[in-house]
There are 2 protein chains.
Amino acid sequence: MPETLGHGVSPFKAVREKVDVHLDRLLPPESLPPEELHAAMRYSVFAGGKRLRPVLAVSSYFACGGVGESIYDSAGALELIHTYSLIHDDLPCMDDDDFRRGQPTLHKKFSEYIAVLAGDALHALAFEILAESGDPRIVSEVSRAIGTEGMIGGQVADVQAEGRAVTLAEVEGIHRRKTAALITASIKIGALLAHAPDKVVEQLAQYGERLGLAFQIVDDILDVEGDFETLGKTVGADSRLEKATYPKVVGVEKSKQIAAQLIREAKDMLTDFPEKEIFLNLADYIIAREQ
Amino acid sequence: MPETLGHGVSPFKAVREKVDVHLDRLLPPESLPPEELHAAMRYSVFAGGKRLRPVLAVSSYFACGGVGESIYDSAGALELIHTYSLIHDDLPCMDDDDFRRGQPTLHKKFSEYIAVLAGDALHALAFEILAESGDPRIVSEVSRAIGTEGMIGGQVADVQAEGRAVTLAEVEGIHRRKTAALITASIKIGALLAHAPDKVVEQLAQYGERLGLAFQIVDDILDVEGDFETLGKTVGADSRLEKATYPKVVGVEKSKQIAAQLIREAKDMLTDFPEKEIFLNLADYIIAREQ
């Protein structure tokens with residue numbers, strides 16, 4: 001991720017490091033029982049990762065005039081949710097992935113039951129942290145984004161679409177729920193916690209939906225064109241599982257065009273938004289990323 | 001469960017039926033995609049069950065002077081949490097149970113990945129509903145009760161204790177976390193939502209901890225002495241898995257004595273509590289139950 005972009009308040013690297021400091025404080029120490037569970041939670045959370053969702057929440061918070069440090073806890077909670085979803089998606093009964101972020105997946109490194117329960121524990125801890133914000137809207141927003149109309153619904157549709165022909169509308173629907181919903185919620189909760197007006201929250205949400213969809217399309221493309229070294233996970237896994245992806249449905253070139261178009265649309269959503277620079281840079285990063 | 005006990009505001013059967021009406025409204029319909037996921041969620045939630053946690057929350061709410069119907073949603077959320085935990089506990093990588101409440105367990109009826117995701121979806125939906133109460137303390141209370149210091153921590157310790165010698169203190173610690181924590185939280189959230197004074201919330205919590213521990217000890221005893229017809233699940237499963245149970249550590253008779261003592265202590269906690277009748281009846285039910 002580029003480290004020196006635009007907005008002075010929240011350059012990416014500084015945000016990532018700060019989120020990690022908060023996550024280290026929020027996660028129970030490995031020395032505390034049940035030690036293996038806590039070690040498993042930390043293994044997955046600190047295995048790397050772009051911290052995109054926290055970066056979006058923090059950027060949105062400060063762009064909307066938020067002050068203070070409390071946003072970093074809520075932002076960290078989003079990463080816990082994302083990590084839990086990856087742990088469960090990687091399970092043998094789902095994508096059966098052996099590598100994630102260059103390391104063995106949690107069920108390979110520990111065991112399957114620890115992977116199920118570490119995911120559950122991160123899920124619960126995330127809501128404990130979000131509730132600490134004192135704003136129940138944040139809990140509502142995230143829980144809806146990851147429920148059956150959002151992330152989990154998308155994951156079911158994703159598994160169900162394996163091995164059969166899908167339409168572009170169908171794969172778009174899967175990606176919107178599986179990935180874009182939580183990314184959109186991340187941007188919204190930053191704005192909500194900064195007490196932004198409804199109109200601004202909605203404007204950022206519109207940007208987020210397009211950014212999130214583009215993010216997943218780039219993910220699909222990287223699964224075709226990337227390499228294990230850079231990605232840290234098995235390349236070609238989508239193709240092996242006959243997943244519903246943009247490249248499968250419309251080919252790599254057309255997928256790139258669609259992603260680029262979504263990024264342009266995302267940026268257009270913020271034409272009259274004063275603090276847009278960080279979001280424009282994030283959009284450029286999303287389309288250009290190699291991991 | 002006895003149907004005609006004491007307190008006019010919340011006899012058990014009426015509460016159970018009302019909670020189920022709310023759950024039916026809160027759970028997405030099976031006709032809505034992803035249909036299989038929604039069907040799976042409903043299959044597990046409506047497979048029966050005593051609705052003990054909702055009954056406790058509702059009883060506590062009205063005993064503390066709460067008014068209106070909103071408690072039934074939060075109470076239903078507790079049942080969703082409980083159901084999610086049973087679904088994940090039954091998975092092949094954990095207790096590997098084939099029957100629950102007289103029906104095939106969810107992963108047997110549907111599939112393993114649907115069971116993981118239906119559990120996750122119920123978990124998220126529960127927090128969505130709890131957030132609707134507008135009181136972030138409720139979300140905090142439940143998330144802590146089911147986290148690594150509570151239910152999930154207890155489940156890990158439970159699996160880790162299989163097949164080896166355990167002390168009484170150890171099995172008590174497992175049961176307190178695995179079962180009593182959420183039961184205690186259920187009583188507390190009723191009181192919190194009714195704006196009970198801290199002293200009352202604490203008093204009910206003290207009752208709940210003892211009731212919850214007694215409940216799990218009776219569960220252990222029923223696994224030895226009960227029958228499949230009445231219990232709706234495989235008898236002797238604890239012994240097969242060499243689980244840490246009270247009967248294993250101190251024998252059935254001593255387990256019964258400990259449970260009875262806890263029930264007496266639970267009742268004693270409420271000596272000066274004006275609306276105690278329902279809770280005394282609940283305590284009597286817990287110790288006498290056959291399923």
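The structure is a predicted model, in which local features need pLDDT of at least 70 and side-chain atom pairs count only at pLDDT 80 or more, while totals for chains, interfaces and linings use all residues. Residues are numbered from 1 along each chain as its sequence is written, and chains are lettered from A and ligands numbered from 1 in the order in which they are written.

Let me begin with the two chains. Chain B is superposed on chain A by a rotation of 180 degrees with 0.0 Å of shift along the axis, at an RMSD of 0.0 Å, and the two copies are thus related as by a two-fold rotation axis. Within chain B, the residue that comes closest to this axis is B:Pro136, whose C-alpha lies at 2.8 Å.

Now to the interface, where residues count as in contact if their C-beta atoms, placed from the backbone, lie within 7 Å. Here 37 residues of chain B are in contact with 37 residues of chain A, and α6(B) gives the most to that side of chain B, with 13 residues, a helix being a DSSP run (H or I) of at least four residues, numbered from the N terminus. Because 100% of the interface residues of chain B are also interface residues in chain A, the copies meet through the same surface.

Technical notes
Least-squares fit on C-alpha atoms with pLDDT ≥ 70 in both. Contact = placed C-beta atoms within 7 Å. Helix = DSSP H or I, 4+ residues; strand = E, 2+ residues; numbered from the N terminus.
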